[in-house]
Amino acid sequence: AVTGSPNDRAVTAAHDIGLRIVARDGGLGYQVLVGGGLGRTPMIGKVIKDFLPEADLLPYLEAVVSVWNTLGRRDNKYKARIKITVHEHGVAEISRLVEERFALIRPTFSGVDQTLLADIRAQFAPPAFRAAPLVAYDAAYAADPVFRAWADTNLARHKRADHAIVTISLKAHGETPGDATVAQMRLLADLAARFGYDALRISHEQNVILPHVARADLPTLHAALKAQGLATANIGLLSDIIACPGMDYCALATARSIPVAQDLAQHFDALKLEHDIGPLKLKISGCINACGHHHVGHIGILGLDRAGVENYQITLGGDHGTDLALGGRTGPGFSYDEIVPAIERILRCYLALRESREETFLEAFHRLGLAPFKAALYEPLAPAKELIHAAE
Ligand code: SF4
């Protein structure tokens, strides 16, 4: 995984190899992490090189893979991952071996194919931006509360003030997270051609991004999205859930995950609490393989099978950002029927204990620790005062 932003949006530390592009002394280079991963043995990647010059990237990565090829476990498919090799040998030893191998490979490396590189660069050339007045955008923002809510939630700042980055939510309340119909996909392609300089991207959070849209076009774009059920204003909120296919599609599943996501989204939409709760990453996996990234959700849900009955474990405090963190288990799991009320108890506890509307769920969790949330989960009648006492 590669990120070029100081805000890691590629979850680099949860990958076999993570690269973070950094600038130093006027040149570009990479911080290199190895040994991250989720699944049944979640591990956070470790830095083996703080700054690797750009020209050394390919031979250095070859050295990493070569060391893993030599030391990696072939006796057990569950352990045949870089994370296990790094864990068993230690990052210092892996780093030493990679440097040794790199010293052998580097002199034989003839450099990157410049023609190929130029071709790739040409594919990512910035579009010819057109200057567009902000009058139409400002008028719609002032007059239409639905447009305003969508703009506040689903737009990010573009490097040009007269453009915006648009995230189109594929998480309409009650729908399957990340799914789009044929009609919706055709519309997305048309809108990318009409308003987005022909660019459309898919995020790892299972949404669609139009990276360049003139603000003047946003009211028309929003109206077109609304007509096809694609204008849900929930990016970064509770119902922007990552859920794996779970038992609905996956042969490995031990529990359903899509229906849990649908129930949660509908429940909190009916309560009208989603915007009040604010930024929240909720992630659901239907088995220990963790394709829904539950380990790094602020709230993670893992569906398991307990004697033929679905049972959902909850983890709290995970973080998929630059400071990657694995969530901690709260305690015994919950049945299918109990999981939505359990998540509501956690979130009502947060609403009762947060210092202000600005304190996010994750910040409150870091300040208070697990205790009050655990009490809210397993002692649902405990009043807020006792929860505060538990936190102290
Ligand atoms: S986490 Fe979900 S998608 Fe991945 S193997 Fe398990 S059930 Fe299937």
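## A salt bridge across the chain

Asp-240 forms a salt bridge with Lys-171, and their closest N and O atoms are 2.7 Å apart. Asp-240 sits in the loop between helix 8 (218-227) and strand 9 (242-243), and Lys-171 in the loop between strand 6 and helix 7 (182-195), so the pair ties together parts that are 69 residues apart in sequence. The structure holds 21 salt bridges. A salt bridge here is a side-chain nitrogen of Lys or Arg within 4 Å of a carboxyl oxygen of Asp or Glu. Helices (H or I, at least four residues) and strands (E, at least two) are DSSP runs, numbered from the N terminus.

This is a predicted model: local features need pLDDT of at least 70, side-chain atom pairs count only at pLDDT 80 or more, and totals for chains, interfaces and linings use all residues. Residues are numbered from 1 along each chain as its sequence is written, and side-chain values use heavy atoms, with hydrogens and water left out.

## Three domains

The protein chain is divided into domain 1 (2-123), domain 2 (135-227) and domain 3 (242-391). These bounds come from an automatic or database domain assignment. Taken over C-alpha atoms, the centres of domain 1 and domain 3 are 32 Å apart.

What joins domain 1 to domain 3 in terms of contact? 13 residues of domain 1 are in contact (heavy atoms within 4.5 Å) with 12 residues of domain 3. The area buried between the two domains is about 1000 Å², and carbon and sulfur atoms give 67% of that area. Leu-38, Arg-40 and Ile-44 supply 43% of the area that domain 1 buries against domain 3, more than any other three residues. Buried area is the accessible area (1.4 Å probe) that two parts lose on being put together, summed over both. The count of salt bridges between domain 1 and domain 3 is zero.

## Open pockets

The largest pocket has a volume of about 1600 Å³. Its lining has 45 residues, and Arg-9, Ala-156, Ile-165, Thr-167 and Ile-209 lie nearest its centre. Among the elements that each supply at least two lining residues are helix 6 (145-154), strand 6 (163-168) and helix 12 (361-368). By class, the lining divides into 19 nonpolar, 17 polar and nine charged residues. Ala, Val, Leu, Ile, Met, Phe, Trp, Tyr, Cys and Pro count as nonpolar, Asp, Glu, Lys and Arg as charged, and the others, Gly among them, as polar.

The second largest pocket has a volume of about 550 Å³. It is lined by 15 residues, with Tyr-30, Glu-54, Leu-57, Leu-117 and Arg-121 nearest its centre. Strand 2 (17-24), strand 3 (27-34), helix 1 and helix 4 (114-123) give two or more residues each to this lining. The lining residues divide into 12 nonpolar, one polar and two charged.

On a 1 Å grid over the protein atoms alone, a pocket is an open set of points with protein on both sides within 12 Å along at least five of seven lines, while a cavity is a set where a 1.4 Å probe fits but cannot get out; lining residues have an atom within 4 Å of a point. Grid points are joined across faces, edges and corners, and a volume is the space filled by probe spheres set on the points.

The structure holds two cavities of 30 Å³ or more. About 50 Å³ of space lies in the largest cavity. Its lining has seven nonpolar, one polar and no charged residues. Trp-68 and Ile-82 are among them.

The second largest cavity holds about 40 Å³ of space. Lys-171 is one of its lining residues, and Lys-171 also forms the salt bridge with Asp-240.
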